[in-house]
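Student: I should like to request a close look at a single part of this structure, with the reasoning set out step by step.

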Amino acid sequence: MKGFVITLISVAFLNGAVGMVSPEGDIKKYVRLAGALCILAAIVSPLYFAINNGNLDFDEGFLDGVLGEEQYESQYESALLAEGESSSAAAIKKTLCRELEMKEGDFDVRVKIGEHDGEYRIEKVEVLLYSSTVNKDPRDISAFVSERTGTECSVIYDIR
């Protein structure tokens, strides 16, 4: 019921705002008609969901775009993991540039972070070397990254 009321109020408010800024004349009539149809659709839409689902739940259909608590937690966690992987990869790349004198455009770093016993840790690091860095020893790079991250590091040649 709460979703239905929020939707109805939102549509009515939007209708009023659009009606106030629309120019006078024939256009205003059409704007009012369109706004009235939108309000009517908002009022009638729970019946559509009731007919399709066999029950009358006013929140159904209105909150489809709103995340539930579990969905929010899942999306939040995946966003944090993605940001953690991205910033870890950037930090490793910066360190490789500084310590092993590699050029930033000559390679990329990918990081995979996973959860172990409630803690997030780097599971795997991949360093992609492009054709301009073929002269770098992959064992040195792998050992350097593995030593600093405490995890497996794969060096992959990406010959383009």
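What span should the 20 residues of helix H1 (residues 2-21) have, and how far apart are its end C-alpha atoms? Please continue from there to the sheet and the core.

Tutor: The model is a predicted one. At 1.5 Å a residue, helix H1 should span 28 Å, and its end C-alpha atoms lie 29 Å apart, which agrees with that expectation. Within H1, the buried residues are Gly-3, Phe-4 and Gly-19. Viewed down the axis of H1, the buried residues fall within an arc of 130°, so they line one face of the helix. Lys-2, Ile-9, Phe-13, Met-20 and Val-21, on the other side of H1, are exposed.

Turning to the sheet, three strands form an open arrangement in the order E1-E2-E3, with mixed pairing. E1 and E3 each have a single partner strand and stand at the edges, so one side of each is left without a neighbour in the sheet. On average, neighbouring strands are turned by 20° against each other, direction ignored. The pairing of E1 and E2 is antiparallel and extends over ten bridges; Ile-113 has Ile-122, in E2, as its bridge partner. Helix H4 lies across E2 and E3, running at about 145° to E3.

The largest nonpolar core has 17 residues, and those touching the most other members are Leu-96, Phe-107, Val-109, Val-125, Val-127, Ile-141 and Val-145. Helices H3 and H4 and strands E1, E2 and E3 each give two or more residues to this core. Leaving aside residues up to four places away in sequence, Val-127 touches several residues, among them Leu-96, Phe-107, Ile-141, Cys-153 and Ile-156.

Definitions and conventions: Residues are numbered from 1 along each chain as its sequence is written. This is a predicted model: local features need pLDDT of at least 70, side-chain atom pairs count only at pLDDT 80 or more; totals for chains, interfaces and linings use all residues. Side-chain values use heavy atoms; hydrogens and water are left out. Helices (H or I, at least four residues) and strands (E, at least two) are DSSP runs, numbered from the N terminus. The expected span of a helix is 1.5 Å times one less than its number of residues. Buried means under 20% relative accessible area, exposed over 50%, partly exposed in between (1.4 Å probe, protein chains only). The arc is that of the directions from the helix axis to the C-beta atoms. A nonpolar core is a set of buried Ala, Val, Leu, Ile, Met, Phe, Trp, Tyr and Cys residues joined through side-chain atoms within 4.5 Å. Contact means heavy atoms within 4.5 Å. Two strands pair if DSSP finds at least two bridges between them. Axes are lines fitted to C-alpha atoms, for helices over the stretch in contact, and angles run from 0 to 180 degrees between N-to-C directions.
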